Amino acid sequence: MKTKANAVTSQAFPESQTGRVKSFIATCKSQKALLLMTVPFVIWVFVFKYLPVWGWTMAFQDFKPARSFSEQEWVGFKHFAFLFTDDRFLGVLRNTLAQSLINLVLGFVTAIGLAVLINELTNVKFKRVVQTISYLPHFLSWVVAAALISSLLSMDGIINELLIGLNIIDDKILWLGVGEYFWGILAASDIWKNVGWNTIIYLAAISMIDMEQYEAAKIDGASRLQRIKYITIPGMKPVIVVLLIMNMGYIIEAGFEAQYLLGNGQNIEYSENIDVFVINYGISMFNFSLATAAGIFKTVISLIFLIAANSFSKKMGQGGLY
Amino acid sequence: MILAKKRKKNLMRTKEDVLFDTFNVTFMILLSIVMLYPFLNQIALSLNAATDSVKGGIYLWPREFTWRNYEYVFSQASIMQGIFVSVARTVIGTLISILCTAMVAYAIAQEKFVFKRSVTIIFIMTMYFNGGLIPTYLLMRDLQLIGTFWVYIIPGIISAFNLIIMRSFIEGIPKSIFEQARIDGAGDFRVFFQIVLPLSLPVLATVSLFVAVGQWNQWFDVFLYNSSNESLTTLQYELMKVLQNTATSNGDWNSAQASGEHAANTVTPKSIQATMTIVASLPIICIYPFLQKYFVKGMTLGAVK
C-alpha cells in the first residue's frame with residue numbers, strides 16, 4: 001500500500017500511527033471513484049472464486065446437503081483412502097495421465113511440423129487460405145466437434161468406408177464402442193481441432209528469425225531441408241522450450257469436454273478421466289464428498305506440476321509464467 | 001527483361017525445391033480437406049432428404065435436395081428457445097463482461113491507485129486454483145442462481161486473463177491524455193467512459209470476440225445448472241442432447257425413429273443432428289473469416305504476457 005500518493009500525503013502528517021491511518025483514509029477518499037470501480041468486483045471474486053475453496057472441507061466429511069456445517073460428520077481422509085484403493089479410480093488416474101501425455105506429445109509435434117510447412121509455402125494467398133481453414137475448428141464448440149467426429153466414426157461414416165475401400169479393414173468397426181481406440185480418437189480429435197491454432201505462436205517465432213541467415217545459407221548451397229533443420233528449427237527452440245515446460249505444468253489438465261461428449265458406456269474404461277469422474281460421481285450420483293476429494297487431488301497435483309515447471313523454466317533462464 | 005528475371009528465378013529453383021513445393025502444396029490441400037470435410041459433409045446431409053440419406057453415399061453434395069430438415073428443426077419449440085437463450089447470453093454476457101473487465105483494468109492501470117497491487121494479485125491468483133466443480137455447484141445453489149438465466153453471466157464476469165490483457169493495453173495509453181482530462185476537471189468515471197473506452201476499441205474487440213465465442217459455445221453450465229429447466233437451455237445443449245441420444249443407440253442411428261409423430265417419415269436423428277450442428281456453428285463460421293485477424297491478435301497478446 002506504499003504508493004507514491006500515500007508517501008506524498010503522509011509528509012504532511014507526523015510519522016505516527018494515527019497520522020498514517022489518517023493519510024490513508026484521505027487517499028482513499030480522493031480515490032473514491034477508483035474504489036467504486038473495483039470494490040464490487042473484489043467482493044465478486046471472493047464470493048465466486050475464493051469462497052468455493054471453503055467447500056473443500058466436504059472432502060473430509062460425509063457431506064449431506066440437508067445438514068448445516070456444524071452438523072456434518074467428519075471422517076478425515078476416508079474418501080481419499082477409498083479413492084486409492086478403488087479400481088475404478090486407479091483406472092481413471094491411468095486414463096488422465098495417458099490422455100494428457102499422448103495429447104501433449106502429439107499436439108506439440110504436429111503443431112511444430114505444420115508451422116514449419118506453412119512457413120515454407122511460397123504463395124502468400126494460398127498460405128493465408130490454408131491458415132484460415134486450419135484455425136477454424138478451434139472456434140467450434142466441443143459439442144459441434146463431437147457431433148462431427150461421431151458422425152465420421154459411425155458405422156456408415158466415411159472412416160469405415162475409406163478403410164474398407166482401401167482394404168485396410170474387412171468389417172466395419174464401431175470406433176467409439178471399442179475402449180482401446182479411445183485414446184487415439186481423442187488425440188486425433190484434439191489435433192484436428194487445435195493444430196492450426198497452435199501453429200500461430202510458432203509462426204510468430206519463425207517470423208522473428210533473421211532473413212539474412214536464409215540468404216547466406218542459400219548462397220552456401222544449403223538445401224531446403226537443411227535450411228529448415230539448421231535455421232528454422234533452432235530459431236524456434238526458445239519458444240518450443242518455454243511452451244513445453246509450461247504445458248508440462250498442465251499435464252493433468254486434459255480437459256473433460258471431449259472425454260465426456262465422446263465417452264459412452266462401452267468406452268468408459270478408457271475415456272473417464274478425473275474431471276469426468278467428478279461429474280459422474282458428484283453430479284449424477286450425488287456423492288459430493290468423494291467427487292470433491294477427487295477434485296482436490298487433481299488441483300493439488302496440477303499446482304505442484306505448475307510450480308515445478310515454472311521454477312524449472314526460471315532456472316533454464318526462460319522466464320516463468322509468473 | 002522479365003524473361004531474364006524469370007530465368008534467374010528458375011535457375012535458383014533446384015529440382016529439390018520443386019519436389020518439396022509439390023509435396024508441401026499437396027499436403028496442405030489434403031489438410032484443408034481433412035479440416036473442412038466433416039463440416040461440408042454435414043451441410044450436404046442437412047440439405048438432403050432424410051429418407052434418402054439412410055442409403056448412404058452422401059459426401060459433399062446433397063442427392064435429393066430439400067429444406068425439410070431445416071423446416072423441422074426451426075419448427076421445434078425447444079430449438080427456437082435454445083437459439084434465443086444462446087443469443088441472449090452471448091450478447092448480454094459479452095457486454096457485461098467487457099464493461100466490468102475494462103473498468104477494473106482501468107483502475108489497476110492507474111499508478112496512483114492505493115490498492116493497485118493487492119487487487120491485481122487477488123485476481124491473478126484465481127488463474128492458479130479453483131474451488132472445483134462440486135463446491136461451485138453448491139455455491140450456485142446457495143446463492144439461488146440455479147434455474148436462472150444469470151447463472152450464465154455472473155460467475156464468469158471477469159477472467160483474470162482478459163483483465164491482464166486489457167490492463168496492459170490501457171497502461172500503454174499515453175499518460176498525458178489522462179492528465180489533460182483531469183486538469184479539465186474530469187473524474188475517473190468520465191475519463192474511463194469518454195477517453196479510455198474509445199481509445200481501447202482494438203483490445204475491446206479482440207477480448208469481446210473471445211468472450212462471445214465462449215458464451216455461444218458453452219454447454220456445460222447449462223448441463224450443470226439448468227438441465228431440468230427447459231426454458232433456459234441453449235442451442236449447444238439441445239445439440240448435446242441429440243448427440244447423446246444417437247450415441248446411445250449403438251451408432252446405428254438410421255434405424256432409430258425420429259421424435260415427433262408426424263415427422264417420423266421425413267426426418268431421422270441423423271439428419272436432425274446434421275442440421276443442428278450446422279445451425280450451432282453457422283454464426284461462428286460466418287463471422288470468423290472476417291474477424292480472423294482479431295482472433296490471431298488475441299492469441300499473440302496473450303502470449304506476450
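Visitor: How far apart do the end C-alpha atoms of residues 33-51 of chain A lie, and how much of the span is helix?

Guide: Helices (H or I, at least four residues) and strands (E, at least two) are DSSP runs, numbered from the N terminus. In residues 33-51 of chain A, the end C-alpha atoms are 26 Å apart, with 100% helix and 0% strand. This is a predicted model: local features need pLDDT of at least 70, side-chain atom pairs count only at pLDDT 80 or more, and totals for chains, interfaces and linings use all residues. Residues are numbered from 1 along each chain as its sequence is written, chains are lettered from A and ligands numbered from 1 in the order in which they are written, and side-chain values use heavy atoms, leaving out hydrogens and water.

Visitor: Where does UniProt place the feature "transmembrane region" in chain A?

Guide: UniProt positions follow the numbering used here, feature names are shortened, and annotations may be inferred rather than shown by experiment. The unreviewed UniProt entry puts this feature at residues 33-51, 97-118, 139-159, 230-252 and 285-308 of chain A. Residues 230-252 of chain A are 87% helix and 0% strand, and their end C-alpha atoms are 34 Å apart.

Visitor: What are the helix and strand percentages over residues 150-170 of chain B?

Guide: That stretch is 52% helix and 0% strand, with end C-alpha atoms 29 Å apart. In the unreviewed UniProt entry, residues 150-170 of chain B are one of the spans given as "transmembrane region".

Visitor: What area is buried between chain B and chain A?

Guide: Buried area is the accessible area (1.4 Å probe) that two parts lose on being put together, summed over both. Here the value is about 8300 Å², and carbon and sulfur atoms give 76% of it. On the chain B side, M35(B), V114(B) and Y128(B) lose the most area to chain A, together 9% of what that side buries.

Visitor: How many salt bridges does the rule find across the interface of chain B and chain A?

Guide: A salt bridge is a side-chain nitrogen of Lys or Arg within 4 Å of a carboxyl oxygen of Asp or Glu. The rule finds three salt bridges across this interface. D21(B) forms a salt bridge with R224(A), and their closest N and O atoms are 2.7 Å apart.
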